[in-house]
Amino acid sequence: MTSETPSPFNRRLFLKGTATLGLSSIASGATHAENGEKRRSYQGPNVILVRFGGGVRRQETIASDETYSPFLKKVLAPQGVLFPKMEIADAPGVETNHGHGTLYLLTGRYDRYEDVSGKFLGARFEAQVPTLFEAFRKHYNTPTHQAIIINSEDRTDEEFYAFSNHHLFGVHYRSTVLSLYRYKLHVLRTDLAHGRYSGEEEVRKRDELRKLEAVDHRANSAEPTTPELDSFWDSWTSYFGRTGLVNPRGDRLLAELGVWAMRTLQPSLMMVNFNDPDYVHWGIASHYTRGISIVDNALQRLWEEAERLPAYRGNTVFVVVPDCGRDTNPFVAVPFQHHFNAHHIFAAVAGPGIDQGRIVDRTVQQAGVAATVAAIMGFPMPFADGEALEEVFG
């Protein structure tokens, strides 16, 4: 193993190195190729970043033995490091919602965001600095299908988070997105290319495709797919059919996509953006607790798949963190119905090279997650503000 790929036991050294050297060549955007160097393939460890999303509180997840997420609290966290006092900064311009929280995790910065089209309540945000996936792929020679984000079926705005608009990174280092939206795109494009429709039906299908492609015009103007991704969706279609209605739904769909990705595409870095607890916005408390249980079951399934598959066994770190918390409002029927002022969250990190059985009794920042993942994988995040969580490395 070379000095560019820290072993699980010298991550602290890597952290000190990035801090003292300033990483000037990377910060200036110079690639290995531009420096006359050849980017190496990534050897591990793999990282699976689980957004325990939809906004969850500590009370129902990691703070009580009567938890709705027993696998997270009683199995995964004790095998790693738990940060029960992680927070989203309480500062002007910092929002506690799903889009902002996801980008805080991806960029390591509490930047302000506005919908690119100015749509009311829109969440098509453009990251101004590189995401984890861009920094990873710029540092290592990793194909796009091995850097994967899995998004929920009803949040197409999040398709926009696959890459930033930074001129030195951007679409050329983007992640691959798996979602029901991407599946529908694949089916429509394949059907139209193969002449499945004719006449008025073809006109309707082409109009349907045009509307779908408009959701994320940035990615669609670049390379829209790869042979590996086409093969993935062809297999999915063969198993689950063409309607998108037979496959699992909600966060069970995300778990299924994650497992399929691990078995076939074998991503080195994968982020799964779970979301079901957020259905409590409709005012039914059980939507929240049931959603937590579904995410916990999905997390267990991904963990067990990592233990089963040779490409992941003993070489995979899990990072589990919510996008945001939820409110505690005693004056309404469902105290946690919304997440207007939900800064209190948590994080758990577990896997090879990570300290075990440790609970960190200090306040840490969600913006530190990006730098932590980067340190685990041995690449710099030169534009991240958050500091890596050193306790992870013992």
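**A tour of the predicted model**

Select residues 180-193, helix α6, together with residues 227-240, helix α9: the two helices pack with their axes 10 Å apart, at an angle of about 90°. Angles of 65 to 115 degrees count as roughly perpendicular, so α6 is roughly perpendicular to α9. Bear in mind throughout that this is a predicted model.

Next, show the side chains at this crossing. On α6 the contact is made by Arg182, Tyr183, His186 and Val187. Facing them from α9 are Asp230, Trp233, Asp234, Trp236 and Thr237. Coloured by class, the residues of this contact divide into four nonpolar, two polar and three charged.

Now move to the sheet. Displayed as a cartoon, this open sheet has eight strands with mixed pairing, and reads β5-β4-β6-β1-β7-β8-β2-β9 in order. Select 176-178 (β5) and 358-359 (β9) to find the edges. Each of these two strands has a single partner strand, so one side of each is left without a neighbour in the sheet.

Select Gly44 and Pro45: the peptide bond from Gly44 to Pro45 is cis, with omega near 10°. Pro45 is found in the loop between α2 (24-27) and β1. Then select Gln266, in the loop between α10 (250-264) and β6. Gln266 is not a glycine, yet has a positive phi of about 50°.

The last stop is the largest pocket. Centre the view on Leu121, Gly122, Ala123, Phe125 and Asp157, which are the closest to the pocket's centre among the 23 residues that line it. The space in this pocket is about 600 Å³. What is the make-up of its lining by class? There are six nonpolar, nine polar and eight charged residues in the lining of the largest pocket.

Terms used
Residues are numbered from 1 along each chain as its sequence is written. This is a predicted model: local features need pLDDT of at least 70, side-chain atom pairs count only at pLDDT 80 or more; totals for chains, interfaces and linings use all residues. Side-chain values use heavy atoms; hydrogens and water are left out. Axes are lines fitted to C-alpha atoms, for helices over the stretch in contact, and angles run from 0 to 180 degrees between N-to-C directions. Helices (H or I, at least four residues) and strands (E, at least two) are DSSP runs, numbered from the N terminus. Angles under 35 degrees count as roughly parallel, over 145 as roughly antiparallel, 65 to 115 as roughly perpendicular and the rest as oblique. Contact means heavy atoms within 4.5 Å. Ala, Val, Leu, Ile, Met, Phe, Trp, Tyr, Cys and Pro count as nonpolar, Asp, Glu, Lys and Arg as charged, and the others, Gly among them, as polar. Two strands pair if DSSP finds at least two bridges between them. On a 1 Å grid over the protein atoms alone, a cavity is a set of points where a 1.4 Å probe fits but cannot get out, and a pocket is an open set with protein on both sides within 12 Å along at least five of seven lines; lining residues have an atom within 4 Å of a point. Grid points are joined across faces, edges and corners, and a volume is the space filled by probe spheres set on the points.
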